[in-house]
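Student: I want to learn how to read a model like this one. Please take me through it feature by feature.

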Amino acid sequence: MNIDMQFQYETIGDENVFQDFCKDLLNCVYQTQSFELYKTKGAAQFGIDILSTAHKVVVQCKKKKLLRSDKELEKELINDLDESIKLFLGSALTCRRFILISTTKKYGSVQDRAIFLSQLNGFEIVFWSWEDIERYISQYVELRRRYYPHLFQNESAIPQVITYIPNVHEQEIVGRAIDLSNLEALIESSKRAVLVNGMGGVGKTTLAKLFVAKNYRNYSHVIWLDVKTDFSKAKIGERRSPLVEAFANNVTLINNLKLPINEISPEDRLLMILNKLQNISGSNLLVVDNTSAEIIEFDSKFPFNNWKILLTSREEIEGYSLLNLEVLNDEDAICIFYQYYKIEKSDLVISLLNYIGNHTLTIELLAKTAQKRKLSIQGLVELLKQNGLNIPKTAKIVVGHDPQATTLFEYLLKIFSISDLTEEQVEYLLYFSILNSAPISYDDLKLLFEIPEDDNKFFDNISELALKGWLKELDGNYQVHQIIQEVLRDKLKPDEDNCILLINTLTKVLTISWEINPFDIERFVQYAQSAASYIKESKEGKEIAGLYSILGLREEDLFNLEKALLFNHNAVSIYEKDIPNNALELSSRYNNLQSIYKTLGQMEEAFEFQFKAIELQEEYQHPLHPDMGTSYNNLSLLYEIEGDLRSALDYQKRALFIAEFNLDENHPHLAAAYNNYSILLYKIGLIEEAMEYQQKSFAIRKEVLAENHPALAEAHGNIAAMYETIDKLSEAEYHTLKSIEIRKKIYQDNHYTLGASYNNLASIYLKRKDFQKAYEFQKLAIAIEMEVLGESHHTLSTTFSTMAVIQLELGNLQEAKQNVERAIAIAKKNFDNGHPDLNIYNYFLMHVENLIRSKN
């Protein structure tokens with residue numbers, strides 16, 4: 001049966017012209033001029049018509065008479081392929097690829113034969129039919145112009161580059177090679193538009209420019225439209241949407257498409273343009289930069305059949321093939337910075353880039369600013385710490401998006417506009433601007449923003465903010481980039497009044513009852529810490545002072561002592577402005593400061609703030625108020641550290657009386673009072689009475705506290721010390737190990753309380769005369785306490801003295817002497833008025849020195 005094959009472009013009739021056509025086709029496809037005709041007709045051609053030594057590709061051209069059956073053509077092509085490969089293998093040439101090009105349609109049997117021969121011979125063999133060739137004819141305008149001039153007459157009136165294409169310096173583009181490759185693959189495979197999505201300034205437009213620069217020769221026509229750009233000096237008609245204006249008011253586009261500019265609306269002109277694009281043949285490219293979800297309204301009118309469409313947008317628009325563009329990695333970010341900054345190299349550049357989150361555009365702007373103002377990198381980092389991105393030492397610079405010179409921060413303010421957001425969305429962004437830039441779960445956001453159970457409206461708002469590029473959503477967590485945060489803070493000016501809702505919810509969440517483990521709410525401490533650092537205080541400042549106060553408590557719970565000091569002092573500075581009305585809050589902050597300074601080993605400051613607290617409480621509170629008990633307990637602990645056990649016992653008795661007066665018999669605060677009283681009795685030598693109170697304390701804590709609560713770890717440790725004193729070493733070891741087990745679960749491996757636990761464990765093994773094991777744990781205790789508390793903390797005097805005893809038992813006299821001398825030096829440094837333990841240390845030192853002398 002004869003078949004009349006119908007093609008969009010007729011096959012070339014002349015055999016010699018067909019070979020020339022195939023040569024030009026291959027030069028277009030491979031973007032080269034290396035393909036040439038191989039020898040003349042009649043010479044020994046070894047099955048080769050065309051050859052590129054540069055690409056190691058050989059070609060055999062077979063023009064066929066088509067008015068024959070498929071079966072006959074298939075058989076002939078397979079024979080041609082076998083014979084051509086046989087002839088080629090008899091030549092001295094080698095290749096990576098052998099192409100058989102024919103004027104027939106595509107035959108599966110010929111393709112299968114090519115695959116078989118590829119596997120047999122070790123190089124690729126492929127079959128190109130006229131159907132394959134037509135695709136390239138549509139793609140390359142130079143082929144149509146030369147071989148189909150009669151079809152090209154209408155096209156020739158429209159230039160290849162229909163609108164202005166923005167320039168890009170390819171050699172300056174860093175870190176986008178994989179993104180470009182992925183984009184090229186998406187555009188090649190996608191039958192719909194491809195969307196490059198990412199936050200403002202991350203490099204979407206640059207990637208689109210790079211794609212066009214590398215690929216525009218592959219397209220018959222190219223159009224670039226910037227939705228944010230005004231293309232004409234005089235507006236046509238009244239202002240419409242940015243997308244409509246980008247098309248309808250682009251005079252260059254309209255002129256090159258040969259469309260009439262008459263009195264029709266911009267919307268109608270847009271439809272006319274899209275209709276014209278649908279009727280332009282070839283393989284074409286349309287780029288719409290900085291678009292929005294509005295483009296969906298025109299989706300059905302876009303010419304998807306003959307145009308590849310590339311969109312860039314901060315908004316994640318549904319229905320298109322998506323390429324999500326992320327910030328650069330550290331290595332590429334550094335490379336970009338040094339492209340524009342030439343003054344010096346410094347390791348501090350990492351700190352700088354971390355501050356701006358490797359944001360591509362900000363890297364360029366900062367580097368250009370620093371270069372222009374001759375700033376060192378250290379100077380730039382300091383300016384950022386002090387002023388944020390709105391640095392005082394700035395300079396007008398030019399960036400690719402805006403030909404007008406502008407300063408770094410002015411430009412960032414311009415590209416992040418909130419004008420199209422609702423009031424609720426702006427309020428949520430205000431809160432996001434002062435929270436962590438790390439991901440926050442949806443449930444945490446509902447809690448922080450006081451969203452009711454019916455959260456549909458909130459979910460819609462948050463989702464829209466993510467789609468518009470303000471937030472990044474990942475697995476139900478929402479994150480805002482630190483650059484966007486800084487811009488929002490400048491625009492929205494967070495203060496105590498407009499952030500009162502967030503202040504109150506954070507204060508409420510951080511105010512925990514005794515049974516809650518503070519580590520369970522650590523993430524909220526981080527949220528509050530960030531918020532407190534950015535909220536501007538009001539004149540009175542009472543609400544933010546409340547947040548500072550509770551933050552100070554939780555930071556101390558988490559052993560972030562420097563932060564705890566900062567927030568407590570911030571609260572004190574507000575409360576001290578009006579002492580009569582803030583006396584109770586102020587006394588509590590003084591108590592907290594005492595506790596922190598005590599832990600830090602700064603005893604003078606600890607006593608100062610404790611006396612301040614008691615002075616206020618005695619003036620403004622009932623003598624049996626629980627807060628008075630707390631203050632007496634704290635003062636007792638300070639005297640205990642100083643070695644003044646008589647004063648310590650006096651205040652501890654007062655604290656215990658108030659606790660028993662106010663608290664239920666199983667309250668954990670009463671357990672704490674029993675514990676503290678027990679420890680004092682133990683130190684005085686009243687072991688039996690001490691054990692009685694310690695067991696009462698332990699029983700309460702074990703009953704009411706969770707098994708991994710920090711206070712339960714303390715309880716195990718304290719009762720272990722009692723058992724050790726009465727030589728119940730197995731019980732002491734059990735409780736000490738339980739204390740260590742709990743603390744390891746909730747703290748880092750170097751938390752200072754673990755040092756105390758290891759010290760206690762070493763003492764137990766010392767009594768058992770397992771000196772090597774005692775040494776190992778005491779060494780751990782010293783390492784932790786020195787790292788966390790500092791080399792001169794008063795606790796270390798006890799720790800080194802225990803190590804001295806262990807070294808003596810091991811027979812290491814010099815090491816014993818060195819350790820007790822360190823204990824003496826630390827005690828003298830911390831206690832100006834002396835300490836009872838000093839007498840013990842000095843006696844031990846004399847004993848060791850005598851042993852050394854007698855040994856010598």
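Tutor: Start with one residue. Leu584 sits in helix α25, residues 579–599. Helices here are DSSP runs of H or I with at least four residues, strands are E runs of at least two, and both are numbered from the N terminus. The model is predicted, so local features need pLDDT of at least 70 and side-chain atom pairs 80 or more, while totals for chains, interfaces and linings use all residues. Residues are numbered from 1 along each chain as its sequence is written, and side-chain values use heavy atoms, without hydrogens or water.

Student: Is Leu584 buried, partly exposed or exposed?

Tutor: Leu584 is partly exposed, at a relative accessible area of 42%. The scale is simple: buried is under 20%, exposed is over 50%, and partly exposed lies in between (1.4 Å probe, protein chains only).

Student: Which residues make the nonpolar surface patch?

Tutor: Ile579, Leu584 and Tyr620 make it, and the patch covers about 240 Å². Patch members have over 30% relative accessible area and no salt bridge; like charges are joined within 9 Å, and nonpolar side chains (Val, Leu, Ile, Met, Phe, Trp, Tyr) within 5 Å. Areas come from the Shrake-Rupley method with a 1.4 Å probe, and for residues only the protein chains shown count as cover.

Student: Which residues gather in the patch of negative charge?

Tutor: Glu316, Glu318, Glu473 and Asp475 do, on the surface. Asp and Glu count as negative, Lys and Arg as positive; His and chain ends are left out. Each charge is placed at NZ of Lys, CZ of Arg, CG of Asp or CD of Glu. Take Asp475. It lies in the loop between β14 (472–474) and β15 (477–479). Its relative accessibility is 70%, so Asp475 counts as exposed.

Student: Now salt bridges. How many does the structure hold?

Tutor: The general idea: side chains of opposite charge can pair when their charged atoms come close. The cut-off is a side-chain nitrogen of Lys or Arg within 4 Å of a carboxyl oxygen of Asp or Glu. The structure holds 30 salt bridges.

Student: Which residue forms a salt bridge with Lys446?

Tutor: Asp455 does, with the closest N and O atoms 3.5 Å apart. Lys446 and Asp455 are both buried.

Student: And where in the chain are Arg768 and Glu733?

Tutor: Their side chains meet in a salt bridge of 2.9 Å, N to O. This pair links distant parts of the chain, 35 residues apart: Arg768 is in the loop between α33 (752–767) and α34 (771–789), and Glu733 is in helix α32 (residues 729–746). Arg768 is partly exposed at 34%. Glu733 is buried at 18%.

Student: How many residues apart are Glu821 and Lys817?

Tutor: They are 4 residues apart in helix α36 (residues 813–830), about one turn of the helix. Glu821 is partly exposed at 33%, and Lys817 is partly exposed at 21%. Salt bridges can also share partners: Lys64, Arg68, Glu72, Glu76 and Asp80 are joined this way into one network.

Student: On to sheets. In what order do the 5 strands of the open sheet run?

Tutor: The order is β1-β2-β3-β4-β5, with mixed pairing. β1 (36–37) and β5 (124–128) stand at the edges with a single partner strand each, so one side of each has no neighbour in the sheet. Two strands pair if DSSP finds at least two bridges between them. Strand β4 (residues 97–102) pairs with β5 in the parallel sense, over 5 bridges. Phe98 stands opposite Ile125 in β5, and Leu100 has Phe127 of β5 as its bridge partner.

Student: Why is β5 described as largely enclosed by the rest of the structure?

Tutor: Because 4 of its 5 residues are buried. Strand β9 (residues 307–313) is largely enclosed too, because 6 of its 7 residues are buried.

Student: Which strands pair with β9 in the parallel sense?

Tutor: Strand β6 (residues 194–197) does, over 4 bridges. Strand β8 (residues 284–289) also runs parallel to β9, joined by 5 bridges. Look at Leu311 in β9: it is the bridge partner of Leu195 and of Val288.

Student: Last one. Where is Ile679?

Tutor: Ile679 is in helix α29 (residues 668–684). It is buried, at 19%. From Ser346 it is 333 residues away in sequence and 54 Å away in space, C-alpha to C-alpha.
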